[in-house]
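Thank you all for coming; I would like to walk through one model this morning, and I will give each criterion as it comes up. Please have the picture open while I talk.

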Amino acid sequence: MKRAGVIASLTILIVILSSVFSFAGSLELVSSYPEEGSKYSVVQNVMVKLEFNEEVAAESVQDANANCFTIVSETGEKIASHALYDPEKRPNEIWLLVDTVLASDTGYKVSISDSLQSTSGNTLSGDIDFSFKTRNLKTDSRINTILMFAMIAVMIVMTMMDTKRQMKKEMEKRGKVDTVDVYKEAKRTGKSVEEIVAKTEKKKENVQKKYEASKAKYEAAKEKAEAAEKAKKKASLGVKVVKERRPISAIGMSMPAAIKKERDAKEQARIKAEEARKAKEAEWKAAANKKKGSHQQQKKKK
């Protein structure tokens, strides 16, 4: 029985010690950015983000972990960087800010030493390496150029289509319709020439009707605006606008004697002037006839 108890005690002790050793190296890298094998990293202001399963951003471990990170290019060049921490917002993350501009279309390897420890004292079970590649700037430039020319081409096509629509609307406003090649349109649509002609004529009629209605509406608006402008000018000059002329007697009033006398005097003067004109005209005619008769008598004597 004693021997069995000793064996059981040793077994329990071994299990406990195994558990302690297993928990001692429980720090792990959860994710990284850029990810392993990434080929689309930028070359400027590169930030490598490392996320772990335990707290690693506390000030108590920052000095101990300062030399646990290295970045090396595919040619073996060591890239300068420094670690950034935010214990309050991102306690489980360490960000590595690259201090230089990386080369285009080049591979880089990030190494994390197994001596990296968390706030609880746990470390990595071994060194961790992952690689990424920067973007090919020449390819990017070529793609951007192609996209730019494609965009310009699309803009030109859209502008031409819009111009054509505007011209069509302008022609419709003037009562015109685009000339249609009836034979070509019949071949394209599979309809008969007569159907195409009838459709075109109907379209012309509709466009003409719209044009006539639009023109009439415009003319009416123009006349109304001109009338309003004239009325406004007369009002500014103190002239009262009336619909039609009416005699003064129509409002129950008689013409003042002074005005009537003045009008009668003007009428008498006009009559006298007319009589004088007629008398002068008769005198001119008599003189002309006398002169004509004298010429005729002289011709007879000869």
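This is a predicted model: local features need pLDDT of at least 70, side-chain atom pairs count only at pLDDT 80 or more; totals for chains, interfaces and linings use all residues.

Let me begin with a question: over how many bridges do β4 and β5 pair, and in which sense? They pair in the antiparallel sense, over two bridges, where two strands count as paired if DSSP finds at least two bridges between them.

Residues are numbered from 1 along each chain as its sequence is written, and side-chain values use heavy atoms, with hydrogens and water left out.

For the overall picture, the protein chain has six helices and nine strands, these being DSSP runs numbered from the N terminus, with helices taken as H or I of at least four residues and strands as E of at least two. Of its 302 residues, 15% count as buried; here buried means under 20% relative accessible area, exposed means over 50%, and partly exposed lies in between, with a 1.4 Å probe and protein chains only. The chain exposes about 24,300 Å², of which carbon and sulfur atoms supply 57%, the areas coming from the Shrake-Rupley method with a 1.4 Å probe and, for residues, with only the protein chains shown counting as cover. If we take the contacts with a separation of 6 or more, residues 24 or more positions apart account for 64% of them, a contact being heavy atoms within 4.5 Å.

Five strands form an open sheet of mixed pairing, in the order β2-β9-β8-β4-β5, and its edge strands, each pairing on one side only, are β2 (38–41) and β5 (78–79). Within this sheet, β8 and β9 pair in the antiparallel sense over six bridges, with valine 110 standing opposite phenylalanine 130 in β9. Strand β4, residues 69–73, has a covered face made of Phe69, Ile71 and Ser73, and an uncovered one made of Thr70 and Val72. On the β8 side, β4 pairs in the antiparallel sense over five bridges, and phenylalanine 69 has isoleucine 112 as its bridge partner in β8. On the β5 side, valine 72 stands opposite lysine 78, and the hairpin of β4 and β5 has four residues between the strands, with glycine 76 taking a positive phi near 95°.

β1 and β3, the latter being residues 47–52, pair in the antiparallel sense over four bridges, and serine 32 stands opposite leucine 50 in β3.

Turning to charged pairs, a salt bridge is taken as a side-chain nitrogen of Lys or Arg within 4 Å of a carboxyl oxygen of Asp or Glu, and by this rule the count comes to seven. One of them joins lysine 133 and aspartate 105, with the closest N and O atoms 3.5 Å apart; this pair links distant parts of the chain, lysine 133 being in strand β9 (residues 128–134) and aspartate 105 in the loop between β7 (90–98) and β8 (107–112), 28 residues apart. Lysine 133 is partly exposed at 32% relative accessible area, and aspartate 105 is partly exposed at 35%.

In helix α6, residues 257–301, arginine 277 and glutamate 274 lie three residues apart, about one turn of the helix, and their side chains meet in a salt bridge at 2.4 Å, N to O. Lysine 285 and glutamate 281 form another, with the closest N and O atoms 3.9 Å apart. Salt bridges that share partners join Glu274, Arg277, Glu281 and Lys285 into one network.
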